[in-house]
Amino acid sequence: MDRVLELGGHAAGFCGRLFAQSGYDVVRVESKATVPAWASQTAMDLYLHAGKRRVRTDDAGLIAELASRADIVVAEGETADAVATLDFDAWATPVKVAITPFGLTGPKRNWRATPHVVLAMGGYTNLMGDSDRAPLSLPGHYVEFQSGTFAFTAANASRLAEERNTIDIGMLEVVMALSQFTTVMWHCGGVVRSRHGSDFWSVVPSNLFRCADGWVYTNIVPSFWDPFTVFLDRPELAVDERFANNEKRMLNRTALHDAIDCVLASRSKAEIDERANECRIPLGIVQTFEDVLADPHLAERGLWQNLVHADTIVRSPPPGWRIHGEARPALRLSEPEHG
């Protein structure tokens, strides 16, 4: 397997995570400065850095030496100049990946931006939240993790093609590349998407509904409409002219949502889940974190992977693939060495 050198924050960290959990030899260079995170530093370290060797240093000579030994370098910086300061261009590593907010070229290459700014510039923020309230932003590290995934894919492609390459990942371009539904709606339907809260809007009913002991979400595309009326014990809705097709359901969404509310408000999550399975419709119970950890389907799929830290076993989601059904070994979070 290739040797990978990783430098930077959460985007580089997630890229390195994908390499480490695929069996690659990953060395992470950590700066003395910490990067703000949505979770505790220990939780982020366990999620992103288990299975890596970690070196804490700002020694440019040592970093250059590690780069000379690597097959792939992934370097994340606040700006293009921040990456250049690492002497990135001089490294002879066969495949080099730079991750910055706006790429290594262009007029914005040295603009700084938080993930929230990138989401706003990419149009995501305009779509999140209720129409009569301020827009929202995505929680967590969506921008960084998606950028790390692009970096992982591009680096692997270069190595499989046996080509030397310098790969330039701009986070704004990553976000724009992931807006395909918005793009298709505009180019094919002339529709500019807007904020509608939990209502998917263009496919009705696709919304969040309250039940007796929680919340459920349903996404009823046209092929599920008839089974959905059976699920509701309201088969007459199937022949109601107001709801004859998706376009009419869009026009009469308030009346339809009211009818659904009347049915679900008195039913428990367990009753709704059982009935949804019987009718084979796409409906999901909004689960607590404890529910997710105990979910039998996820356990059957082998979702959880064991991580070892300070002689404690911690469960964590692994990458979303297996190669030839191989078993995933427990990974250990090592303490950083000081270089």
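Author: Start with strand pairing: two strands pair if DSSP finds at least two bridges between them. Helices (H or I, at least four residues) and strands (E, at least two) are DSSP runs, numbered from the N terminus.

Reader: What kind of model is this, and how are residues numbered?

Author: This is a predicted model, so local features need pLDDT of at least 70, side-chain atom pairs count only at pLDDT 80 or more, and totals for chains, interfaces and linings use all residues. Residues are numbered from 1 along each chain as its sequence is written, and side-chain values use heavy atoms, with hydrogens and water left out.

Reader: How many helices and strands does the protein chain have?

Author: The protein chain has 14 helices and 13 strands. Its C-alpha atoms fill a box of roughly 75 × 50 × 35 Å, taken along the principal axes.

Reader: Which strands does a hairpin join through two residues?

Author: That hairpin runs from β7 to β8. Strand β7 spans residues 206-211, and strand β8 spans residues 214-219. They pair in the antiparallel sense, over six bridges. Look across the pair: Arg210 stands opposite Trp215 in β8.

Reader: Where is there a hairpin with a positive phi in its turn?

Author: Go to β10 and β11, which form a hairpin with two residues between them. Ala310 sits in the turn and has a positive phi of about 50°. Strand β10 covers residues 305-309, while strand β11 covers residues 312-316. Their pairing is antiparallel, over five bridges.

Reader: What is the order of the strands in the open sheet of three?

Author: The order is β11-β10-β12, and the pairing is mixed. β11 and β12 stand at the edges with a single partner strand each, so one side of each has no neighbour in the sheet. The link from β10 to strand β12 (residues 331-332) is parallel, over two bridges.

Reader: Which residues are the bridge partners of Leu307?

Author: Take each side in turn. In β11, Leu307 has Val314 as its bridge partner. In β12, the partner of Leu307 is Leu331. Val308 also faces β12, where it stands opposite Arg332.

Reader: What is the order of the seven strands in the other open sheet?

Author: Read it as β6-β5-β4-β1-β2-β3-β13, with parallel pairing. The edge strands are β6 (165-170) and β13 (337-338), and each pairs on one side only. Now look at the β6 end. Strand β5 (residues 95-100) pairs with β6 in the parallel sense, over six bridges. There, Ile99 stands opposite Ile169 in β6.

Reader: How do side chains point along a strand?

Author: In a regular strand, side chains alternate between the two faces of the sheet.

Reader: What counts as buried, and what as exposed?

Author: Buried means under 20% relative accessible area, exposed means over 50%, and partly exposed lies in between (1.4 Å probe, protein chains only). In this model, buried residues make up 41% of the 339 residues in the protein chain.

Reader: Why is β10 largely enclosed by the rest of the structure?

Author: Four of the five residues of β10 are buried, so the strand is largely enclosed.

Reader: How many residues of helix α1 are buried?

Author: Eleven of eleven, so helix α1 (residues 10-20) counts as mostly covered. Among them are His10, Phe14, Cys15, Arg17 and Phe19.

Reader: Which residues of helix α2 are buried?

Author: In helix α2 (residues 41-49), they are Met44, Asp45, Leu46, Leu48 and His49. After α2 comes Gly51, with a positive phi near 85°.

Reader: Is Glu274 buried or exposed?

Author: Glu274 counts as exposed because its relative accessibility is 52%. You will find Glu274 in helix α12 (residues 269-279). Met121 is another helix residue to check, in α5 (residues 115-121). Its relative accessibility is 37%, so Met121 counts as partly exposed.

Reader: Where does Gly320 lie?

Author: Gly320 is in the loop between β11 and β12. At 81% relative accessibility, Gly320 counts as exposed. Pro282 is 38 residues away from Gly320 along the chain, and their C-alpha atoms are separated by 21 Å.
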